[in-house]
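Thanks for coming, everyone. Let me put the structure up, and then we'll walk through it piece by piece.

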Amino acid sequence: MAEENQNQPPQPNSDRKTLDQRNQMTELERIRHSCAHVMATAILRLWPDAQFAYGPPVETGFYYDLECSHRISPEDFEKIEAEMKKEIKANNTFEKLVVTREQAIAEATSGRLGGLTERLGNASKFKLDLLKQIPEGEPISYFKNGDFIDLCAGPHVMRTGNIGAFKLTSVAAAYYKGDEKGPQLQRLYGTAFKNKTAMDEYFKMIEEAKRRDHRKIGAEMGLFAIDTEYVGPGMPLWLPKGTVLVEELEKLAKETEFAAGYVRVRTPHLAKEKMYKTSGHLPYYAESMFPKMEMDEHREARAKLQSRIAELEKQLADYAKKSQ
Ligand SMILES: [Zn+2]
(Lines give C-alpha, C1' and ligand atoms only; values in the text may rest on other atoms or scores of the structure.)
Protein backbone atom coordinates (compact mmCIF):
# COMPACT_ATOMS: atom_id res chain seq x y z
CA MET A 1 0.00 0.00 0.00
CA ALA A 2 2.71 2.47 0.92
CA GLU A 3 4.30 4.38 -1.90
CA GLU A 4 7.96 5.24 -1.85
CA ASN A 5 8.63 8.93 -1.53
CA GLN A 6 12.36 8.90 -2.05
CA ASN A 7 12.36 11.47 -4.82
CA GLN A 8 10.71 14.16 -2.78
CA PRO A 9 12.78 16.97 -1.29
CA PRO A 10 12.80 17.19 2.50
CA GLN A 11 9.48 18.58 3.58
CA PRO A 12 10.07 21.50 5.90
CA ASN A 13 7.66 22.44 8.59
CA SER A 14 6.71 26.09 8.31
CA ASP A 15 5.03 26.18 11.70
CA ARG A 16 6.32 28.80 13.98
CA LYS A 17 8.67 27.35 16.57
CA THR A 18 8.10 28.00 20.25
CA LEU A 19 10.85 29.72 22.22
CA ASP A 20 11.52 26.42 24.00
CA GLN A 21 11.97 24.60 20.70
CA ARG A 22 14.28 27.35 19.52
CA ASN A 23 16.48 27.09 22.58
CA GLN A 24 16.88 23.39 21.85
CA MET A 25 18.41 24.05 18.44
CA THR A 26 21.67 22.17 18.08
CA GLU A 27 24.93 23.88 17.19
CA LEU A 28 24.63 22.59 13.63
CA GLU A 29 21.08 23.95 13.34
CA ARG A 30 22.29 27.32 14.63
CA ILE A 31 25.05 27.36 12.02
CA ARG A 32 22.56 26.49 9.29
CA HIS A 33 19.91 28.95 10.36
CA SER A 34 22.58 31.68 10.69
CA CYS A 35 23.66 30.82 7.17
CA ALA A 36 20.10 31.56 5.98
CA HIS A 37 20.55 35.12 7.32
CA VAL A 38 23.85 35.36 5.47
CA MET A 39 22.21 34.10 2.29
CA ALA A 40 19.47 36.71 2.63
CA THR A 41 22.15 39.40 3.09
CA ALA A 42 23.84 38.28 -0.12
CA ILE A 43 20.60 38.15 -2.10
CA LEU A 44 19.68 41.67 -0.98
CA ARG A 45 23.05 42.96 -2.16
CA LEU A 46 22.32 41.50 -5.57
CA TRP A 47 18.56 42.10 -5.74
CA PRO A 48 17.55 44.75 -3.16
CA ASP A 49 13.81 44.31 -3.78
CA ALA A 50 13.81 40.75 -2.38
CA GLN A 51 11.18 40.04 0.25
CA PHE A 52 11.88 37.31 2.76
CA ALA A 53 9.38 35.07 4.53
CA TYR A 54 10.54 31.98 6.49
CA GLY A 55 14.16 30.82 6.82
CA PRO A 56 14.39 27.80 9.14
CA PRO A 57 16.97 25.02 9.39
CA VAL A 58 15.90 21.67 7.93
CA GLU A 59 17.28 18.17 8.26
CA THR A 60 19.90 18.56 5.55
CA GLY A 61 20.60 22.28 5.79
CA PHE A 62 18.42 25.36 5.57
CA TYR A 63 16.24 27.34 3.22
CA TYR A 64 14.82 30.81 2.92
CA ASP A 65 11.56 31.57 1.12
CA LEU A 66 11.60 34.79 -0.83
CA GLU A 67 9.82 36.85 -3.40
CA CYS A 68 12.06 38.64 -5.86
CA SER A 69 11.76 40.32 -9.27
CA HIS A 70 14.72 38.20 -10.37
CA ARG A 71 14.01 34.50 -10.87
CA ILE A 72 16.90 32.75 -9.13
CA SER A 73 18.38 29.78 -10.98
CA PRO A 74 21.35 27.52 -10.21
CA GLU A 75 23.45 29.71 -12.54
CA ASP A 76 23.15 32.45 -9.89
CA PHE A 77 24.48 30.27 -7.06
CA GLU A 78 28.14 31.17 -7.62
CA LYS A 79 27.36 34.87 -7.52
CA ILE A 80 25.26 34.54 -4.36
CA GLU A 81 27.89 32.35 -2.71
CA ALA A 82 30.57 34.93 -3.49
CA GLU A 83 28.54 37.61 -1.64
CA MET A 84 27.94 35.18 1.23
CA LYS A 85 31.67 34.57 1.53
CA LYS A 86 32.23 38.31 1.90
CA GLU A 87 29.69 38.47 4.73
CA ILE A 88 31.33 35.50 6.48
CA LYS A 89 34.79 36.99 6.00
CA ALA A 90 33.58 40.27 7.53
CA ASN A 91 32.86 38.19 10.66
CA ASN A 92 29.95 40.39 11.71
CA THR A 93 28.27 39.65 15.03
CA PHE A 94 24.65 38.49 15.15
CA GLU A 95 23.44 41.30 17.31
CA LYS A 96 20.12 40.87 19.12
CA LEU A 97 17.83 43.88 19.44
CA VAL A 98 14.59 43.71 21.40
CA VAL A 99 12.06 46.17 20.01
CA THR A 100 8.48 47.24 20.61
CA ARG A 101 5.72 46.02 18.31
CA GLU A 102 5.19 49.61 17.09
CA GLN A 103 8.85 49.96 16.11
CA ALA A 104 8.82 46.59 14.34
CA ILE A 105 5.67 47.47 12.40
CA ALA A 106 7.11 50.86 11.42
CA GLU A 107 10.39 49.34 10.26
CA ALA A 108 8.70 46.53 8.35
CA THR A 109 6.47 49.11 6.69
CA SER A 110 9.50 51.15 5.59
CA GLY A 111 11.15 48.00 4.21
CA ARG A 112 14.06 48.33 6.65
CA LEU A 113 13.21 45.14 8.55
CA GLY A 114 14.15 42.26 6.29
CA GLY A 115 16.33 44.59 4.21
CA LEU A 116 19.76 46.22 4.14
CA THR A 117 18.32 49.75 4.02
CA GLU A 118 14.92 51.37 4.03
CA ARG A 119 13.03 50.46 0.89
CA LEU A 120 10.37 53.04 0.48
CA GLY A 121 7.32 51.80 -1.36
CA ASN A 122 8.44 48.22 -0.81
CA ALA A 123 7.14 47.27 2.64
CA SER A 124 8.37 43.97 4.04
CA LYS A 125 4.96 42.37 3.71
CA PHE A 126 5.85 38.92 4.98
CA LYS A 127 7.57 40.36 8.05
CA LEU A 128 4.44 42.42 8.71
CA ASP A 129 2.38 39.25 8.54
CA LEU A 130 4.83 37.32 10.72
CA LEU A 131 4.69 40.10 13.31
CA LYS A 132 0.95 39.45 13.63
CA GLN A 133 1.71 35.86 14.54
CA ILE A 134 3.88 36.79 17.51
CA PRO A 135 1.59 36.54 20.54
CA GLU A 136 1.06 39.64 22.67
CA GLY A 137 3.51 39.62 25.54
CA GLU A 138 6.17 37.61 23.70
CA PRO A 139 9.26 39.75 23.14
CA ILE A 140 9.89 40.87 19.55
CA SER A 141 13.49 40.67 18.54
CA TYR A 142 15.65 41.49 15.57
CA PHE A 143 18.95 39.95 14.67
CA LYS A 144 21.38 42.18 12.84
CA ASN A 145 24.46 41.08 10.92
CA GLY A 146 26.20 43.87 9.03
CA ASP A 147 23.46 45.91 7.37
CA PHE A 148 20.89 43.15 7.34
CA ILE A 149 18.18 43.26 9.97
CA ASP A 150 15.83 40.31 10.28
CA LEU A 151 12.86 39.59 12.46
CA CYS A 152 14.00 36.56 14.39
CA ALA A 153 13.87 34.98 17.84
CA GLY A 154 17.18 33.22 17.26
CA PRO A 155 19.29 31.48 18.26
CA HIS A 156 22.29 31.99 16.00
CA VAL A 157 26.01 31.52 16.15
CA MET A 158 27.96 34.44 17.61
CA ARG A 159 29.45 35.74 14.39
CA THR A 160 29.04 35.17 10.67
CA GLY A 161 32.61 33.84 10.69
CA ASN A 162 31.43 30.84 12.76
CA ILE A 163 29.85 29.43 9.60
CA GLY A 164 32.72 27.17 8.62
CA ALA A 165 31.49 25.91 5.26
CA PHE A 166 28.35 26.23 3.20
CA LYS A 167 26.90 25.53 -0.23
CA LEU A 168 23.72 26.45 -2.04
CA THR A 169 22.04 23.29 -3.24
CA SER A 170 18.76 23.92 -5.04
CA VAL A 171 15.90 26.27 -5.74
CA ALA A 172 12.23 25.34 -5.83
CA ALA A 173 8.81 26.94 -5.77
CA ALA A 174 6.94 27.14 -2.49
CA TYR A 175 3.74 28.72 -1.34
CA TYR A 176 3.77 31.18 1.53
CA LYS A 177 2.83 29.19 4.65
CA GLY A 178 2.29 26.19 2.38
CA ASP A 179 -1.05 27.64 1.30
CA GLU A 180 -1.63 27.11 -2.41
CA LYS A 181 -3.97 30.07 -2.50
CA GLY A 182 -1.23 32.28 -1.08
CA PRO A 183 1.65 33.96 -2.96
CA GLN A 184 4.13 31.69 -4.70
CA LEU A 185 7.67 32.16 -3.49
CA GLN A 186 11.13 30.97 -4.47
CA ARG A 187 12.65 28.59 -1.95
CA LEU A 188 16.40 28.63 -2.00
CA TYR A 189 18.05 25.66 -0.25
CA GLY A 190 21.56 25.41 1.07
CA THR A 191 23.55 23.53 3.61
CA ALA A 192 26.22 24.54 6.09
CA PHE A 193 28.71 22.84 8.37
CA LYS A 194 31.16 23.64 11.10
CA ASN A 195 34.07 23.17 8.73
CA LYS A 196 34.93 22.15 5.20
CA THR A 197 35.94 18.61 6.18
CA ALA A 198 32.47 17.93 7.60
CA MET A 199 30.85 19.36 4.48
CA ASP A 200 33.08 17.34 2.13
CA GLU A 201 32.17 14.19 4.07
CA TYR A 202 28.47 15.00 3.71
CA PHE A 203 28.63 15.46 -0.06
CA LYS A 204 30.80 12.36 -0.38
CA MET A 205 28.15 10.41 1.52
CA ILE A 206 25.44 11.75 -0.80
CA GLU A 207 27.49 10.62 -3.81
CA GLU A 208 28.04 7.18 -2.27
CA ALA A 209 24.34 6.85 -1.51
CA LYS A 210 23.54 7.73 -5.14
CA ARG A 211 26.07 5.18 -6.33
CA ARG A 212 24.52 2.53 -4.08
CA ASP A 213 20.93 3.48 -4.80
CA HIS A 214 19.07 0.19 -5.24
CA ARG A 215 17.10 1.70 -8.13
CA LYS A 216 20.31 2.44 -10.03
CA ILE A 217 21.97 -0.89 -9.18
CA GLY A 218 18.81 -2.86 -9.93
CA ALA A 219 18.55 -1.32 -13.37
CA GLU A 220 22.26 -1.76 -14.14
CA MET A 221 22.22 -5.42 -13.13
CA GLY A 222 19.04 -6.08 -15.06
CA LEU A 223 17.19 -7.19 -11.92
CA PHE A 224 14.12 -5.05 -12.27
CA ALA A 225 12.65 -2.10 -14.12
CA ILE A 226 10.75 0.74 -12.55
CA ASP A 227 8.28 2.60 -14.69
CA THR A 228 7.01 5.58 -12.75
CA GLU A 229 4.80 6.73 -15.61
CA TYR A 230 2.86 3.55 -16.33
CA VAL A 231 3.24 1.51 -13.13
CA GLY A 232 4.28 3.74 -10.23
CA PRO A 233 7.27 4.57 -8.06
CA GLY A 234 8.50 1.85 -5.73
CA MET A 235 6.74 -0.81 -7.82
CA PRO A 236 9.43 -2.93 -9.48
CA LEU A 237 8.75 -5.06 -12.53
CA TRP A 238 10.97 -8.05 -11.87
CA LEU A 239 13.03 -9.17 -14.85
CA PRO A 240 14.22 -12.81 -15.25
CA LYS A 241 17.48 -12.36 -13.29
CA GLY A 242 15.73 -10.49 -10.48
CA THR A 243 12.95 -13.05 -10.36
CA VAL A 244 15.53 -15.79 -9.75
CA LEU A 245 16.79 -13.79 -6.76
CA VAL A 246 13.29 -13.20 -5.40
CA GLU A 247 12.43 -16.89 -5.68
CA GLU A 248 15.70 -18.05 -4.13
CA LEU A 249 15.12 -15.69 -1.21
CA GLU A 250 11.58 -16.98 -0.81
CA LYS A 251 12.90 -20.52 -0.84
CA LEU A 252 15.44 -19.70 1.84
CA ALA A 253 12.77 -17.96 3.93
CA LYS A 254 10.47 -20.99 3.66
CA GLU A 255 13.21 -23.46 4.57
CA THR A 256 14.23 -21.35 7.55
CA GLU A 257 10.64 -21.02 8.73
CA PHE A 258 9.88 -24.74 8.34
CA ALA A 259 13.09 -25.60 10.20
CA ALA A 260 11.97 -23.36 13.04
CA GLY A 261 8.56 -25.05 13.19
CA TYR A 262 6.46 -22.29 11.64
CA VAL A 263 3.54 -22.96 9.36
CA ARG A 264 2.66 -20.60 6.56
CA VAL A 265 -0.56 -18.76 5.82
CA ARG A 266 -1.60 -16.59 2.88
CA THR A 267 -3.45 -13.29 3.02
CA PRO A 268 -4.86 -11.08 0.27
CA HIS A 269 -2.86 -8.06 -0.93
CA LEU A 270 -5.80 -5.76 -0.41
CA ALA A 271 -8.29 -5.41 2.39
CA LYS A 272 -11.14 -3.26 3.59
CA GLU A 273 -10.56 0.08 5.26
CA LYS A 274 -11.48 -1.42 8.63
CA MET A 275 -8.38 -3.60 8.60
CA TYR A 276 -6.02 -0.68 7.97
CA LYS A 277 -7.71 1.18 10.81
CA THR A 278 -7.22 -1.78 13.14
CA SER A 279 -3.61 -2.25 12.08
CA GLY A 280 -3.03 1.42 12.87
CA HIS A 281 -1.76 2.29 9.39
CA LEU A 282 -4.61 4.47 8.23
CA PRO A 283 -4.61 7.05 11.03
CA TYR A 284 -0.91 7.74 10.57
CA TYR A 285 0.12 6.87 7.02
CA ALA A 286 -2.96 7.77 4.97
CA GLU A 287 -0.92 10.28 2.93
CA SER A 288 1.51 7.69 1.67
CA MET A 289 -1.12 4.99 1.11
CA PHE A 290 -3.04 4.37 -2.07
CA PRO A 291 -6.51 5.91 -1.93
CA LYS A 292 -9.59 3.87 -1.24
CA MET A 293 -10.63 1.76 -4.17
CA GLU A 294 -14.13 2.19 -5.52
CA MET A 295 -15.28 -1.41 -5.87
CA ASP A 296 -17.81 -0.67 -8.59
CA GLU A 297 -16.87 2.17 -10.89
CA HIS A 298 -20.11 1.79 -12.92
CA ARG A 299 -22.37 1.81 -9.87
CA GLU A 300 -23.76 5.25 -10.56
CA ALA A 301 -24.43 4.60 -14.25
CA ARG A 302 -26.08 1.28 -13.44
CA ALA A 303 -28.29 2.84 -10.77
CA LYS A 304 -29.48 5.45 -13.31
CA LEU A 305 -30.13 2.77 -15.87
CA GLN A 306 -32.03 0.64 -13.37
CA SER A 307 -34.28 3.52 -12.35
CA ARG A 308 -34.94 4.25 -16.04
CA ILE A 309 -35.85 0.61 -16.66
CA ALA A 310 -38.22 0.71 -13.66
CA GLU A 311 -39.84 3.84 -15.07
CA LEU A 312 -40.33 2.25 -18.47
CA GLU A 313 -41.69 -0.96 -16.92
CA LYS A 314 -44.20 1.09 -14.97
CA GLN A 315 -45.25 2.97 -18.11
CA LEU A 316 -45.61 -0.32 -19.91
CA ALA A 317 -47.76 -1.76 -17.06
CA ASP A 318 -49.93 1.38 -17.04
CA TYR A 319 -50.34 1.14 -20.77
CA ALA A 320 -51.28 -2.54 -20.52
CA LYS A 321 -53.86 -1.71 -17.82
CA LYS A 322 -55.41 1.06 -19.96
CA SER A 323 -55.67 -1.10 -23.03
CA GLN A 324 -57.44 -3.90 -21.16
ZN1 LIG B 1 17.43 33.99 12.73
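Strand 3 and strand 8 (residues 184–193) run antiparallel, joined by five bridges. Strands here are DSSP runs of E with at least two residues, helices are runs of H or I with at least four, and both are numbered from the N terminus. Two strands count as paired if DSSP finds at least two bridges between them. In this pairing, Tyr64 sits opposite Leu188 of strand 8.

A word on the source. This is a predicted model: local features need pLDDT of at least 70, side-chain atom pairs count only at pLDDT 80 or more, and totals for chains, interfaces and linings use all residues. Residues are numbered from 1 along each chain as its sequence is written.

Stay with strand 3. Is it enclosed or open? Strand 3 covers residues 61–67, and six of its seven residues are buried, so the rest of the structure largely encloses it. Buried means 20 or more other C-beta atoms within 10 Å of the residue's own; exposed means 12 or fewer; partly exposed is in between; C-beta atoms are placed from the backbone.

Strand 3 has other partners. Strand 1 (residues 51–52) pairs with strand 3 over two bridges, antiparallel. There, Gln51 is opposite Glu67 of strand 3. Strand 2 (residues 57–58) is also antiparallel to strand 3, again through two bridges. Pro57 faces Phe62 in strand 3. Strand 2 and strand 3 make a hairpin, with two residues between them.

Three strands, in the order 4-5-6, form an open sheet with antiparallel pairing. Strand 4 (95–99) and strand 6 (148–151) are at the edges, each with a single partner strand, so one side of each has no neighbour in the sheet. From one strand to the next, the twist averages 30°. Strand 4 pairs with strand 5 (residues 140–145) over five bridges, antiparallel. Glu95 has Lys144 of strand 5 as its bridge partner.

Now helix packing. Two packed helices are described by the angle between their axes and the distance between the axes. Helix 2 (residues 27–46) and helix 3 (residues 77–89) have axes that come within 8 Å and cross at roughly 120°. Axes are lines fitted to C-alpha atoms, for helices over the stretch in contact, and angles run from 0 to 180 degrees between N-to-C directions. The contact on helix 2 includes Val38, Ala42 and Leu46; on helix 3 it includes Ile80, Met84 and Ile88. Contact means C-beta atoms, placed from the backbone, within 7 Å.

Why is Glu107 called buried? Because 22 other C-beta atoms lie within 10 Å of Glu107. Not counting residues up to four places away in sequence, Glu107 touches Arg112 and Leu113. Lys89 is 18 residues from Glu107 in sequence, and the two are 28 Å apart in space, C-alpha to C-alpha.

Helix 11 gives a contrast in burial. None of its 25 residues is buried, so helix 11 lies largely in the open.

Last, the overall layout. The protein divides into domain 1 (19–194) and domain 2 (213–291). Those bounds come from an automatic or database domain assignment. The C-alpha centres of the two domains lie 44 Å apart.

Terms used: Contact = placed C-beta atoms within 7 Å.
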